[in-house]
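User: Can you walk me through this model? I have some quick questions.

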Amino acid sequence: MQLNFRGKVFYVPQTSNSKLFLTMKLTVILIMIGCLQLNAKSYSQTITLSANNAAIDKVFTAIEKQSGFYFFYKYNEIKQAKPVTLSLKNATLEQALRECFKNEPFTYTIDNKTIIVNKKEEQLVAPDKITVTGQVLDNTKQPLPGVSITIKGSNTGVISGADGKYSIQVDDNAVLVFRFVGFKTREEPVSKRAVINVSLDEDNQQMSEVVVVGYGNQERKNVTGAVGTVKMANIKEIKAASLDLKLAGQLAGVTVNQVTGTPGGGVAVNIRGAGSVGAGDNPLYVVDGFPLSPGFDQYSNPLSTINPDDIENISVLKDAASTAIYGSRGANGVILITTKRAKKGESSVTVNTSTGLQSVLPKSKLKMMTAAEFAQWRTEAIQDANAVNGTNNPIPDAYKNPQSLGKGTDWFDAVTRVAPMQNYDVTIANGTEKVRSLFSLGYFDQQGTVLNTAFKRYSLKATIDADIAKGLTVGLNIAPTYSFRNLQETDGHFLSAALSQAYLESPLVPVKQPDGSYTNVIGSPGTFQNNNPVSSLVNTTNKRNEFRALANTYIDYEVIKGLNIKSTFGVDYQTKSQDYYRPSYLGGFNVPNRDGNQQKAVASFTSQNVFNWLNENSINYKKTWGGHTLTVLADYSIQQENSHDRFTFGTGFPDDAIRSVANATIITADAGDAEWRLQSLIGRVNYAYKDKYLLSGSIRRDGSSRFAPGHRWGTFPSVSGGWRISDESFFPKIAAVEQVKFTASYGLAGNNDVGNYDYIPVVDVANYTFGGGLAPGASITDQIGNTELGWETTKQLDIGMDVSLLKGRIYLIAEYYNRYTQRMLQYIPIPIVSGYGYALSNVGNVRNRGWEFTLTTKNIVERNFNWSTDFNISFNRNKVLDLGPTPYIYDAPKNDNPTSITKVGLPLGQFYGYIFEGIFQNQAELDKYPHFDGEQVGNIRYKDINNDGVIDGNDQTNIGNPWPKFTFGFSNHFSYKKFDLNIITAGSVGGHVFDMYKQFTTNLDGVFNVEESVIHRWRSASNPGAGILPTTVSNTNLARDYYPSYWVESNSYLAVKNIDFGYNFKTKFTRNFRVYFSAQNAILLTGYKGGNPEVGIDGQQGNRSLSPNVNFTGYPVSAIYTLGCNVTF
Amino acid sequence: MSIQTNDGETITIEIMKKYIYVFLVLIACGMWGCKKDYLNLQPADTQNTTNFFKTQAQFVQAVNGAYAPLQGLYNGSFWAMGEMRSDNTSYEFDPYDRSGTNKEEIDEFRELNNNDMVGAFFSASYTGIGRCNAILARLPAAKLDAAVADTIAGQASFLRAFNYFNLVRMFGRVPLVLNEVASVSDAYKVATKAEVAAVYAAIIADAQVAVAKLPVAYAGAANKGRVTKGTAETMLAEVYMTQKKFDLAIPLLRNIIASNAYSLNADYADNFDITKENGPESVFEIQYIEGSNGLGSDFVDTFIPWDYYDSDVSGFEIANGAQNGWNIPTQDLVNAYEDGDNRKDASLIEFTSDEYGVDLPFIKKFATTSAVQGVTGKNFPVYRYADVYLMLAECLNEQGFAGGGDAFKYLNLVRERAGLAAKSVGNDDPALNISGQDGFRTAIAHERQVELAFENHRWFDLLRTGKAVAVMTAHGAREKAFKKPYWNVNSAAYSNIRLLFQYPLTEGTLEH
């Protein structure tokens, strides 16, 4: 057994050595400044020493004292050393060591600050030292400065000068390694040559890029599945609470919709369309191998607890061949997130700071009536009613002189503000041969553009990887974050949502009274009398804090070369609590607080803790022989999650002084506990022959506690293959064509994102009361148990082509996919006469198919000017093929009448309502067409879909398609000398929004302020307005409760997601210093007038697929202007 | 880790061993997951049908749970479909908040088949039926004390019959589900409409079980509000009366009287006094309690005109919108009260609408205050002993008019309690004179209208007596004339008087 024992000695400096310690610290700083992939090169201490036939360990001690380095050796061996004679004056450490070891049968290596001494291998003849000089050029024959030239197998090396020249002392049989970022690494055996000139080839990063795939890495050229990678550098300067927001426009087939502007709020991400109906349709997020539990909604986002600056790499697995390895949860795609770890030889300190301002995009704001317009409108409505009904209702005094009222209060402006945002992040990485560590500290603070909303995050991350024995590596990554939210009920229905209320408040009423107090009751004659939304926002407490620790440990043992056993244990621990208090004096919408004590104060305290752990045990074997490469993976894993929720509600507060449940006189509580478990067996084989033929097969068998006995285990196999046709001998040798590769894959993936106990027929609390007291009751619930509940399965075929042209200047990936989501987990309505209302069942089939193109081009590559472009475009078509026993699934995001219908033959979640055919202009038209009972001239004419001469519920139909025809992303990156510029745009074409909020913002009853467009309503045959909005005189509910098709609007848009402009320079103390300005979301081009074109809200079952793009107003999306700097020491 | 350098080899092996042990421990932990039932989890915070329905306590809970849907039914839709549908009540038009059209349509016979109030009535009824089916299906296998098992079976049978009786009168043909539905596919299989006669046969069978098994009274005040033998007999009598089988109803009604379990309150208003709920006259009432446990009622506020700004009725100023202003007594009903009828003041509050300047009285019967708005403990009466008297009087008259007979006795017992003079054959006062069987029918109908006003009897009475179309057509004309000067009356109002509600749209699409 070859012994190459490596240990580490910890040196405790003595007080008398304080000078030395100081020197050491200086060294550390210098090392950091000096950017050392090569540790030994810049040790600047000098050594002065003379010895005559001294024992070698005495010499070591002397060198240790002067250099701050430590020797590490085996005592038994060193006894064989010859005595040392030397004389050094201001020598470098290298020189000193060289002298010291000149005639010794030992070699040494330097690892960080340790000099490891080993016995020389006997058979080796000591080679001669020679000095090699040369020049490094690029492929255009320009000199390349800054190239690192190292001796293979050692840490010594030099860096090429401004003219590309270098000089290095090496053994005459050594191998030199030339490395430079952006170029292919080249190795050159010295072979006794004294002059070695090399030219480095530009690296085609696309092909050699290492792609993180499920349970491993692959080079891009060997990838056979559909895997997208995000260029982190491109999105670095996008400031967002969670990384999902940064992905917009980055990848073909990945749609990212910012459905709400809530700081730290949920983001809707779909990969290759919407598949799942009843089960969650979010992709699976896997952070450092740990699959996170989903939990997105308008106000929370599990990814917001991860500092985006800690992320090294993001891969998106799109096809079943890639996702099948995550079998159980891969059906909607997998997003793999790898956080930063230190690399061998890396030593850096990075500081990122930024500060910015957010302001609501003007496009996000509806144009409501001013006070003058509102008074005019109310006056006209009363006049119109008097004319038609023959009444003589007077005009209220408040409205009598509209022009004098001017603009009045703009309530939207009153509840929003320009808000600051800041981000600080420090990362310290230090990698030696043996131990690699990375620490980071982050602080993110985003104040909301809506009053009294904010998100703050404090994050910490520590990662250590250590090679503790030969072949044995252990690692620990722990990332605790503490985040804090100031929430307000901003999104949704006006009954509760402040932002929606703001739009509807009377513009005649001021926010504050002359005495500075908030106006208590907001209302004008005929309108609802409401609470003050500004006061509600400012005075309602709704704070949520959340602690989350993601921790991962692993131990990896290389048994023999190529065979690794790895075991990991990971934990995701989350604890959250939320305090809510709404004081008594606020009142509610349409329930104002006239007398100061009408509404009771309410408070709640909720808490949740979730403990999730994962253990994976894998064996990985890789063997290469001849042109063959074989990789085999086997893994056994279990994951388990326990969650505990506790709720406390309080009311009956004596006063508003103590804003805590503790002060409530009536307290009620609730609780929920749940657990799930998952057990998996995974196998995968990758085989490649000369990188020309690629074959991969994987299988995963998953058992989930969420399904009924006998249906718990699912098997998810996949196969994929690739053929690099350009490597075939028959392929014409065209210089322009670097590579052509075809890939194909087919596989199955699953989905179990449903409730934990849905198959069990639950008996739940159903209390009643007898004799004036509570009588505990229990009953079957609305949901019938399903003893046959099992996995939802997605089958997917993917055919792709990679083409690399002009040495990688043009790289194109084209893909076609066909994906069937079968045995869908869906909540289906069942006949109520059964005693139940719905069931979770495995029925139905939804198809998504489409094309994706990703084109990366390097348009200009010059020494001083570079321009590259990333473009992707995706076409997805979604169709429901089968829904089992139910003909339709209706859905409504807010428990209203259904806004969306899902039925066979159409895409999911079609908007649902009546077809608008105009306004009845006169009695003749009214007589001619079918209409609702009681309709009058000036009312809406709806289409009689079934031609039965009657307009009723049966005339509702699908009135619009939410899904876009295509989505695209287009990014350009420029650098000129020290300047760089990134422009990221994203767009969507052909989709629609169902603007449900029109039922309030164009409400004709006069109870709300309304959109300015209401001016153009129908008033009489001679004054018919714009032909959309009907009369205010009668049946105004028809235009509101019978959803007319004109609420469906195109939401095609082009958004400039980010522009960042930076200047890079070096200083004496920094490796790189970049200052930049970035403008995020600053430009939005769209014809959509309802606000945010990406709007959407979770459906009743928390699923967006069944009722996407339904607008109920939401937290406005902001433009963010940031100034920042990134410094690397 | 501190290491001696003189024996590296041994140490390395020791270290390797240590890590291999760690490996083994980790893998062993993983394998622990291989336990056969590792994936078998049951919720910790709820029970399920396999471990429930075993003990007596569980069956008592289950039967309590079978009452629960009645709270939503009576708080939600029943008043709109059982009372506001009739000539007794209507609504106050709200020109500002137009979100209450679903209820306006019910009042004016304009509702569509997707009316959510009607849908809620339908689903609450079948929810109750489903709960009863589960109890009755599992009861025989449970080992309970026979007497307890009888009360469980009796209550469940009653509640199932009661729900079907409401359904068949509202919708006509409805699916008849009498077994527990165990699987998703079975749920579709049972969804086929049965003939009305079959539904009635099942109602009668269930009611007879209830009559046989229920006690006349329960021990302990904590059981006040449970259905009794008398409740079952009252319902069964009404079922027979609906089927014109008066001869079968009479012995049931007489039996209730003979049980001496009930008596009329001396004061009519005591029936609606929240402090005197479940009193001697109460045969069946839907129970609510105030508080934060979700068992309260809020119909008190619903029945207040939306422009009533005082907070004296419920203790709170109501929201000014479409959640209020419903079930407003009509002029027809106000006019139906005879002079001196003390039931009028007990039932109504006079009010002149600010908005319209017209008299719009509203319901006083249910007025009560509560600590938190919309969470009152006000019960809703279903059967009162006065109703038993009036039913018996009606049956006896239908069996043959007999001047001065028992029919007159029971009618006049109710009238006298209201402070009114007795009616009789050959009375000098024409208003008190009853001349024959038809005259008695008219008198009973009138008496029931005012005695049981707002208690969801009027529409069923109109249906049962075959007067619905005639009464509602005449009433509709008067209503339109009354409202026309004040608000925009829908031109289709009362133009399509019909006896049944349309079958709910979404339910219809799921059925064969």
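User: How many residues of chain B are in contact with chain A?
Analyst: 103 residues of chain B contact 112 residues of chain A. Contact means heavy atoms within 4.5 Å. This is a predicted model: local features need pLDDT of at least 70, side-chain atom pairs count only at pLDDT 80 or more, and totals for chains, interfaces and linings use all residues. Residues are numbered from 1 along each chain as its sequence is written, chains are lettered from A in the order written, and side-chain values use heavy atoms, leaving out hydrogens and water.

User: What area is buried between chain B and chain A?
Analyst: About 8,500 Å², with 63% from carbon and sulfur atoms. That is the accessible area (1.4 Å probe) the two parts lose on being put together, summed over both.

User: Which element gives the largest share of chain B's side?
Analyst: α1(B), with 12 residues. Helices are DSSP runs of H or I, at least four residues; strands are runs of E, at least two; both are numbered from the N terminus.

User: Which strand of chain A is joined to β1(B)?
Analyst: β35 of chain A (762–765), antiparallel, by two bridges. A:Val762 has B:Asn48 as its bridge partner. Strands pair if DSSP finds at least two bridges between them.

User: New topic. What does β6(A) pair with?
Analyst: β6(A) (129–138) pairs with β9(A) (165–171), antiparallel, over seven bridges. There, A:Val132 partners A:Ile168. Three bridges also join β6(A) to β12(A) (198–200), running parallel. A:Val136 stands opposite A:Val198.
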